[in-house]
Amino acid sequence: MPSIHEDSLRQGLHNRRRVLGEAWVAQSVENANALNVEFQRMITSYAWDGIWSRPGLERRTRRIMVLAITAAMGRWEEFELHIRTGLLADPADPEAAALDLATIQEVLLQTAVYAGVPAGNTGMAMVMKVLRELDQVPPKADFFAPPAAAAP
C-alpha cells in the first residue's frame with residue numbers, strides 16, 4: 001500500500017504534468033540529483049498537491065494568480081514558464097489551466113496598477129518574447145483607435 005507521501009507525490013506529479021506539460025516535468029524529474037531531489041519532492045508534494053489540489057479555486061485562477069505574483073516579485077523565469085505552458089495548454093481541459101491573450105492582457109494591466117508599471121512592462125516584454133517563439137504574435141493595432149468594448 002502506498003504511503004501518504006507517495007500518494008501526494010503521485011498526485012502532485014499529475015497536477016504538475018497537467019499544468020506545466022509532460023516535457024517540463026520529465027526534465028525536472030530527470031535532472032533530480034543528490035542536491036535537489038528533496039526540493040523537487042517538497043514542491044511536488046507541498047505546492048503541486050497540497051495547494052494545486054485544493055478545491056477552493058479553479059486551476060486557471062491559480063495560474064492567473066501565479067502570473068500576477070511572479071510578475072510583482074520579479075520572478076521572471078516562473079512567469080515565463082506559466083505564460084508558455086498556459087498558452088500551449090488545451091483550452092478544453094480545465095485541469096490544464098489554459099490562457100488566452102485577453103486574460104494575459106488583463107493580468108498585466110492589473111499587475112501594473114498594483115505592483116508597478118515596470119512589472120507590467122517587463123511582463124508584456126516576456127509575453128511578447130514567448131509569443132514570438134511560439135509564432136503567435138498578435139496583429140498590429142491602431143494606437144489611436146478607441147479601445148475595444150469589453151465583453152459582458
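At 30% relative accessibility, Arg18 counts as partly exposed. This residue belongs to a predicted model. Arg18 pairs with Glu95 in a salt bridge, with 3.1 Å between the closest N and O atoms. Arg18 sits in helix H1 (residues 4-20) and Glu95 in the loop between H5 and helix H6 (101-115), so the pair ties together parts 77 residues apart in sequence. Glu95 is also partly exposed, with a relative accessible area of 31%.

A second salt bridge joins Arg60 and Asp100, whose closest N and O atoms are 3.1 Å apart. This pair, too, links distant parts of the chain. Arg60 lies in helix H4, Asp100 in the loop between H5 and H6, and 40 residues separate them. Arg60 counts as partly exposed at 28% relative accessibility. Asp100 is partly exposed as well, with a relative accessible area of 34%. Salt bridges that share partners connect Arg18, Arg59, Asp93 and Glu95 into one network.

Glu22 and Arg17 form a further salt bridge, and their closest N and O atoms lie 3.0 Å apart. Glu22 has a relative accessible area of 45% and is partly exposed. Arg17, at 34% relative accessibility, is likewise partly exposed. The count of salt bridges comes to eleven.

Arg63, in helix H4 (residues 59-73), is buried yet has no salt bridge. Its nearest side chain of opposite charge is Glu78, 8.5 Å away. Beyond its neighbours within four places in sequence, Arg63 is in contact with Val19, Trp52, His82, Thr85, Gly86, Ala96, Ala97 and Leu99.

Glu80, in helix H5 (residues 76-88), counts as buried because its relative accessibility is 16%, and the cut-off is under 20%. Its side chain makes a polar contact of 2.6 Å with that of Lys129. Leaving aside neighbours within four places in sequence, Glu80 also contacts Met126, Val130 and Glu133.

Of its 152 residues, 33% count as buried. Among contacts between residues at least 6 apart in sequence, 63% join residues at least 24 apart. The chain exposes about 10,000 Å², and carbon and sulfur atoms supply 61% of that area. There are 15 positive and 18 negative side chains. The centres of the two sets lie 2 Å apart.

Note on methods
Residues are numbered from 1 along each chain as its sequence is written. This is a predicted model: local features need pLDDT of at least 70, side-chain atom pairs count only at pLDDT 80 or more; totals for chains, interfaces and linings use all residues. Side-chain values use heavy atoms; hydrogens and water are left out. Helices (H or I, at least four residues) and strands (E, at least two) are DSSP runs, numbered from the N terminus. Buried means under 20% relative accessible area, exposed over 50%, partly exposed in between (1.4 Å probe, protein chains only). A polar contact is a pair of N or O atoms within 3.5 Å; within protein, one must be able to donate a hydrogen and the other to accept it, and residues adjacent in sequence count only if both atoms are side-chain atoms. Contact means heavy atoms within 4.5 Å. Accessible areas come from the Shrake-Rupley method with a 1.4 Å probe; for residues, only the protein chains shown count as cover. Lys and Arg count as positive and Asp and Glu as negative; His and the chain ends are not counted. The place of a charge is taken as NZ of Lys, CZ of Arg, CG of Asp or CD of Glu. A salt bridge is a side-chain nitrogen of Lys or Arg within 4 Å of a carboxyl oxygen of Asp or Glu.
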